[in-house]
Amino acid sequence: MHNPQRSQKIAFFLLFLATLLIVIPVGLIVVIIIQKGLPAINWQFLSDIPRQGMRAGGIFPAIIGTLYLVIGAIIFALPIGLLAAIYLSEYAKDNIINRIIRLAIVNLSGVPSVVYGLFGLALFVVFLKFGASILSGSLTLGIMILPIIITTSREALESVPQSFREVSLSLGASKWQTIRHIVLPNAIPGILTGTILGLGRAAGETAPILFTVAAFYLPRLPKSIFDQAMALPYHLYVISTQVPNVDEKVRYGTALVLLFLVLFMNLIAIIIRYNFRKKKKW
Amino acid sequence: MADISVNNLNLWYGDFQALINVNVHFTQKQITAIIGPSGCGKSTLLRVFNRMNDLIEGVRTTGEVMIDAENIVSEKTDLVSLRKKVGMVFQRPNPFPLSIYENIVFGQKVHAEGLTKLKLNEVVEDSLKSVFLWDELKDKLNKSAFTLSLEQKQRLCIARLIVVKPEILLMDEPCSTLDPQATSRIEELMRELKNNYTTIIVTHNMQQAARVSDQTGFMLLGELVEFGRTEDIFTKPKDKRTEDYITGRYG
């Protein structure tokens, strides 16, 4: 009765089916968005302000707003995240406090993004009186992507072989010189990959910017970091649910721009990682 | 140059005692070999002298190790200046993933700032000459050190170390990844260098110890069983255990 050949075939088929089930929806999403959104894409759509109650015109302020927010988030999150990662991977001893810190960072990445939004509202908008502004939004997004940056940077640092550190120390370099001259340069590609993944996440999230920065309709570019701004994910939400009679292709066009912005960032991360693996020699 | 005096040295990894009451004196301008079976503590002893054991958590030492009238196992020892004085060649050749040139000047860069390009070039040439690599490598200094053969890598690592101007060379099985010809050329290099350093080599290979060293110590289960002139150890060992080991009865 027992037929290993047949059970192998069945197992193989099930595994293949599961893989296919994952790929199909992703493929469909991309195809449908491109199909319905591509007709909306033209120079005016990318460079003009929204007109006629956001039913026509372009989405330029939202694109710029999202870029500002992403850049702001990275300016805030990269230095802090990198320093924390260096501490955790190079200096922290394996004791109860550091284990709790590590666990907390892992858990932070599981916190729903709307909770970050609420936190940003309470801390930056209200308590620190930054108001709903690019500054508040960037800081909130920055906190949200901190765990990603810390975790990937730590992995990049820890993947630098221990023997490099040993040799450097044995040559009389101090611990900090070892980190600066040997460990960090070899970890940079991994750190960059994590940073860009964080950028992609920050660009796509709606909830953290909902209460902290996003403007419903603001047909001009922000003048300072204390201005509100439009942002692509929130703009998409608004024209999909809050404004009646928006042409379908405008909505899908906006989605397409957002999708490509995020895919483009991930693509850069993939290229960097690919080059890194090709060059890696240990 | 500096002698090393070890007095009543004990070392524990947690509860395990890896070195038991070691007393020994290493003399400058001599090559001292430490032989013994795996796990006898010979690498641990070597790593006491540049305090590399500090990288492992839970290591505890008692006794004293005197280098230039300073007890280097004490808490107050400045590890940077100790390791500048006591250099190490590792079992696996381990150049940095940098160019040949960058590998050699690494030590210069961490110990002295504001060096001119000219001075650095001079350092590179001198150190490569002293390990007999200059003629082979002078035209490809900017190539990655990872493109070299194992023997060249090990020589490069020695060159990188010489730049720091150590007084003591610790060699932890420096030839164990090399073929016999490369091994004999590295041994040749060790003899060339020995007049400028106190050299201690840990080795599995008894023939190597016999060929290259002036003094030999035999270790077993954390104890230094016997120490003396290499000829004496290999021709008329005093301890039964030494005799058993060098005649191949175990190990």
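Two strands are taken to pair if DSSP finds at least two bridges between them, and strands (E, at least two residues) are DSSP runs numbered from the N terminus, as are helices (H or I, at least four residues). The model shown is predicted, with local features needing pLDDT of at least 70, side-chain atom pairs counting only at pLDDT 80 or more, and totals for chains, interfaces and linings using all residues. Residues are numbered from 1 along each chain as its sequence is written, while chains are lettered from A and ligands numbered from 1 in the order in which they are written.

**View 1. The hairpin of β1(B) and β2(B).** Strand β1 (residues 4-13) of chain B runs antiparallel to strand β2 (residues 16-26) of chain B, and seven bridges join them. Two residues lie between these strands, and Gly14(B) in the turn has a positive phi of about 60°. Trp12(B) has Gln17(B) as its bridge partner in β2(B).

**View 2. The pairing of β1(B) with β4(B).** Eight bridges link β1(B) in the antiparallel sense to strand β4 (residues 59-67) of chain B. Here the bridge partner of Trp12(B) is Arg60(B).

**View 3. An open sheet of six strands in chain B.** The strand order is β6-β7-β8-β3-β9-β10, and the pairing is mixed. At the edges are β6 (86-89) and β10 (223-229) of chain B, each of which pairs on one side only. Neighbouring strands are turned by 20° against each other on average, direction ignored, where the axes are lines fitted to C-alpha atoms (for helices over the stretch in contact) and angles run from 0 to 180 degrees between N-to-C directions.

**View 4. The pairing of β9(B) with β10(B).** Strand β9 (residues 215-220) of chain B and β10(B) run antiparallel and are joined by six bridges. Within β10(B), Phe227(B) is the bridge partner of Gly217(B).
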